[in-house]
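Here are my notes on this model. Please read them with the structure open.

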Amino acid sequence: MKFKYIWFFIALMCTAASFGQIKVTGSVKDKGAVPIPGVNIVVKGTATTAATDFDGNFSISVPNKNAQIEFSFVGFSNKTILVGDKTSFDVVLEESSQALDEIVVVGYAAVKKSDVTSSISSIKGKELQTMTVGNVAESLQGKVSGVQVTGQGGPGAQPRVLIRGISTVNLSTDPLYVVDGIPMGTSINFLSNNEIESMEVLKDASASAIYGSRASNGVILITTKKGKVGKTRFNFDTSSGMQIMNNPYNMADAVGYATIMNKAYNNSGYADYLPNPSQYRGKTTDWWKAGIRGGAPVVNASLGVSGGSEKHTYAISMNYYDAESIYEVGGWERITLRIANDFKFSDKFSAGITLNPRYETYGQPGNWADFDKIDPITPIYKPADQLTGDENEYSIYARSPSYVWNPVAAVKRYDDYTDQYNLNTNGYLQYAPIKGLVIRTQASIEVGDKVRSRFRPDFIIDAAHEKEEINKVERWATTNVDWTWQNTVTYSRTFAEKHNASLMVGNTMEEYNGNDVWGYGEGVPNNSDLMREVNAATKNRDSKGNSWSSSLMSYISRFSYNYDNKYYFTGTFRRDGSSKFMTNNKWANFPSASVSWRIMNEGFMESTKDVLSDLRFRAGWGKVGNQGLPTAVYQSNIGQGFYPIGDVIGDTSFPDSMANKDIKWETVEDMSFGIDFGLWKNKLSGSLEYYRKKTEDMLFLKQFPAYSGFPSNATIWTNVGSMQSSGIDLLISYKDKKGDFTYGADVTFTTVDVEMLSLSSDSEKLYGAANRTLTVKGEEPGYFYGYVADGLFQNQTELNSHTDEHGTKLQPYAKEGDVRFKDVNGDGKLDDKDRTKIGSPWADYNIGLNLNFAYKQFDLVANFYSSIGNDIVNTNISDLYNGASLTNKVAGLDQMAWHGEGTSNSVPRLSKDDNNENYTKFSSLYVEDGSYVRMKNLQLGFSFYNKFGLDKLRISLSGQNLWTWTKYTGVDPEVAGGDPNQGDAVKGSGFGGWNYPVQPTILMGLNVAF
Amino acid sequence: MKKNIFLFFLALFAVLFTGCQNNESGFPSSDDPTVVVSTKEIYGAPSRKFEIKAALADDLGLKSVQIQIPELSLDKVITFATSPLLETYDLSYFFEIPANRGTSEAFKIKLIITDVSGNVVNEEINLRLDGEFSAPSISMVTPKEGAVILLSTSNEMPVNFVVNDDSGIDYVQVKCEALGIDEMVQLTGAPQSYTFNKTYTLPVTAANYVLTVTAKDKFAIPNTGSLNINIVATNEYPAIYLCDQPKGTNLTTDAVGVPMYFHEKNGQDFEFKYYADKDNKEIYFLGQEADFAPHCFGLNAAGGLVDDVASTPIILPTKGYYNIKVNPNTLAYTVTKYTPSSKVWADVANGLWHDDEALRRPFVSVCGGGIQGADWDTWTAWTQTGLHLANNPNNPYQLVGEYTLTGQMEATFTGQWWNPSWRLIKNGICTMSPGENGNAKYPAAPGVYKVVLDTELERVFITKK
């Protein structure tokens, strides 16, 4: 009986409570009107909770009108609403890039941002998608502190990415890219920015050591888009526009060219080269217009569909990118498909598979400089009276006396294209047998086939100078099959409420296999497109082929611990075994450790919380490696050659390279200290870090000493020398909202100071870029090394005083208007010993400024990037100003060059002979301030939400690289490294010649979601 | 109070600023520097260097010396190191007077010597441009360099030369220690021209002599010129040369090959191989290389061979290769035409250098010195197509070209990879490799020369165009 009463009262109470409750319903969407399933909904001050369903809808009961409902979801700022008289709400959550519970991908795991103890910068895919670029790394420019990105113009060009400076002189400086957990090498040209969900830059060794022997240049982790629980969503994103190619120089017309050349000849005591320049009036050949397009179209488009249920999510995207070249032929086209499926079979089993087929085709002439360099008097085509009628279609062009091959003809002949086909399959299986324990296995296979076909037609433009007497056809086919398999076991647990620990152990295996074959032939019966096959060649057929393989096996582990979310420790350990090294050094260990103190969670900081939202100190240490040397350097190689004895040519072989069985990795030891802070509810936030990377056992390709008996060109890889990079990364971010107006600004600041600590001997001098750079102990690598140009001789008195103490002229061939080279060592002679440091290719600092504004449906993004304090060698100076060559010169050079006292102190007099070696001596005449500030992107968008039957429609207008401020007079101040095939990737940095410029681009964009 | 603080800081900064000023001197006071010039008057001339010499000294340390001739655009400052301080300095500064100045002009050279204490001393030197610096010119009439005196004919050596000098001749001296000749002619009145003519008697034994002729002028700073003449007194000819130039031709204007050195010698039997490039080619035999005198072998009126400068040439009737034998003692000679059987190198000439090896055609170029565009780098020889020799269309055994010589020359004519190659050794012999070693150096006046490499004769002829 008693129970009956009890049940009665309970029922009564419940009924009363029910009668007092208000049912609130609605939906939760993001700013793009995309429903968000799984949003956590809490009635503040009660235990009542709910979550949004598959379509983002919710329903929850609140006790009264004064109740407050809080909505929270990972990656979004919390939102609280007062119920009041309304019972239905459409809630819009805004994404928060600073949210501390945001998930950040680290190597082989993902952790909350607040738990990260090392130096990792995270950037959302959306931020990368504001720019239309072929290589998404270019979008990183200025957005991440500590990362220096140098753009490279041209379709398919890969920008140089340096993470915290350089740690090697002879090997690649590119970071390792890891896509969805799979190492993909040092290029991400294959990836569309529309495929990217987020990008994490592992900047210090404590973050990247888990990637061991390939992490010395930093690691960039890329997570591609995956399906989310919810209804099927379609997204179409496209931008298209024009890349503008303006002539960087105002070249002389025919009359001007004749005047300039005559002056050069006359100044050297010769008669006019082109007498009576006025006869050329109206006869200028506009080569630029004839062969270079002012605008080249670029298109980036993506169509995606995603969605799924609790059991299965999917995301499919098809991406297309096409950048046409500035010539009438060539460009770069990429089509990729990404099909991602994730399955949740039960609470314990899950799996996923991503297929990524890709196709790229590219190729374009590279002779745009010739359109400026060829003389403006030569016509494009031979005059009719010089044609015999027997010429083929490639022989009707005129030959220039300037020795520049007719560029229009060269473009017409161009036939050198590469088609690339790849399929990447990446799958995983995950099992969580008990709470906190996750066992995961992941495998990936990448199959690629690259086919390059080249045909060089026969032609005779000039029988002595410009011809190909027989046509040639070639084809290269390269196939690669790479696979990766990685297994991890992770156990995470919280002990005694405050001890949070996680341990991951695992192993990985990778193998990279490739082979190629090359076929060659000459004498194809004609130049018809249909005949351009090796089979059609009738003479000199040749072929060769090879195969290669390398592999890496590793054991990995990570231990993370924090106490009460205040004191954090993370330690990682990786042991790598590489096929590139012999038994002595096949295995190497790469440990790291990092700690952080989240001081903000200390009780004594409670009083500061009105101002300070977050404060954390970090310190990290680790060792990483660089194994990026050629495969099989531990082998000795025999070279082949020949020598003549009388009329007989004898074959010979000789030691070409010697094995070094003790060769091992370059090792980089890295330590960093940082502070992260947030103020006023994270309106103002940022981080400041100091780092120092020290490279030991650097890999150098050395020649043998003469006494060894080896030929002078025999080489051996060896571990000698060390270097150090240090600097500061700073990120300051501010964001706020006033009514409908939201705004934000990020400033990134990066400094890098590089120094060679030791070489194989204290006095060793490593030259680069054809002896124009020097690398020595105690200095930065690859500084510009040459003579000091101390202005121009303005008068005879200055010439006469440039002597030694006995009156011997230091420059006996100099005349007024010639360059005065400085006797740096004061020994009264001008010789090799007077070469000195005349500039540095390395920037003092880089600054990025990223602004964003939104007002109602309008949004505006502006990105700026600058490089300050670096120098550039403007190698075009000789082409443009040197009267010794017959190439065209800049307009008005006859007045620009020195032609009397005080007329110029920087452009030497015109001279046919250049006896003073104004241009042949590498001097500071070529070195210019390479600092620049560039507006990378300016984009204005307008969005419609829930209009026209669409969830979202956004149109945008943007301009990229529209404005650049620089004192550099060359083509483009974005100048990267030299030729890696010459070992000049670092030692040849900062040489700007006719580098393909980063082009201004105007784009229209359309984004539709439904 | 604020004012006091302001004044305090103002004073502090003033003191600090003053303290940071670079004290220009930084050295204690000292005596003026001293300067002793080697001469107060310097003679110069247009296009000629002169030397400014002076001894500078300072009791504390020299800082700089400035040399000024404003009219000649000279304003040179020599700055001395101050660590350690330099107390003495011997100034020796050369300066070339511009070519466009007149010989009647005169200037002041100003020396400004400053010591580290800031003391300044000026010194002036007169510079006159009417200086005469040419040594007297000695023009030998006889004997010429390399002259051969055939003792069996005569043991007398006539010495005849003319001396000229603008400022007047002081004396002329003829010396030959081996012959005991030391004859000085002191001239009075400083004539601008003087002719020496005297005959000396030689011992009848064969010997080589060096005759030294010296002449000194009467300029304030006298100039002396001298000339060494090598003379061979012999009972037989060491060499006989074949000359195909008309008499009176200056035989020293070629670089190599004229007249042509013999091919074989057996006692006084000399044998030549020779190519007559046209019918009725006229030749002589010479006993010396540089001149037609004293021994010129031609024909007399009777058609016999005579050693007579007035003789008439031997005529080779038709174009082609000849084997010619001559004995200067017996005055016998034979001329036999022959057809060469050596390899014709036509396939290596008219070649083509091309970056693409497959497109190259064999060629013969040159490596060497004193040839414009050439050096000892074979790459240069390959790529400088102007150095490539062409076939002589009239003679397949000859490769011809045109080089600009810049001075003393040496050469090896070469195909690609030194295959084939002909090394130019002494006496114009161009031996095909492998042959004799040692490239010979030939003096040559700068200019454009015709080059003929005769692979049959293994001789090269480089003659002024």
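Which residue in E29(B) is the bridge partner of B:Thr412? The points below start there.

1. The partner of B:Thr412 in E29(B) is B:Arg423. This is a predicted model, in which local features need pLDDT of at least 70, side-chain atom pairs count only at pLDDT 80 or more, and totals for chains, interfaces and linings use all residues. Residues are numbered from 1 along each chain as its sequence is written, chains are lettered from A and ligands numbered from 1 in the order in which they are written, and side-chain values use heavy atoms, with hydrogens and water left out.

2. Strands E28 (residues 395-414) and E29 (residues 421-424) of chain B run antiparallel, joined by three bridges. Strands are DSSP runs (E, at least two residues), helices likewise (H or I, at least four), numbered from the N terminus. Two strands pair if DSSP finds at least two bridges between them. Six residues separate the strands in this hairpin, where B:Trp417 has a positive phi near 55°.

3. E29(B) also runs antiparallel to strand E30 (residues 430-432) of chain B, again with three bridges. B:Trp422 has B:Met432 as its bridge partner in E30(B). Five residues lie between these strands, and B:Asn427 takes a positive phi near 60°.

4. A:Arg909 sits in the loop between helix H10 (893-896) and strand E50 (927-929) of chain A. Its relative accessibility is 10%, so A:Arg909 counts as buried (under 20% relative accessible area; exposed is over 50%, partly exposed in between; 1.4 Å probe, protein chains only). Beyond four places in sequence, A:Arg909 touches residues including A:Asn267 and A:Trp898 (contact: heavy atoms within 4.5 Å).

5. B:Lys319 is in the loop between strands E23 (314-316) and E24 (320-327) of chain B. B:Lys319 is partly exposed because its relative accessibility is 35%.
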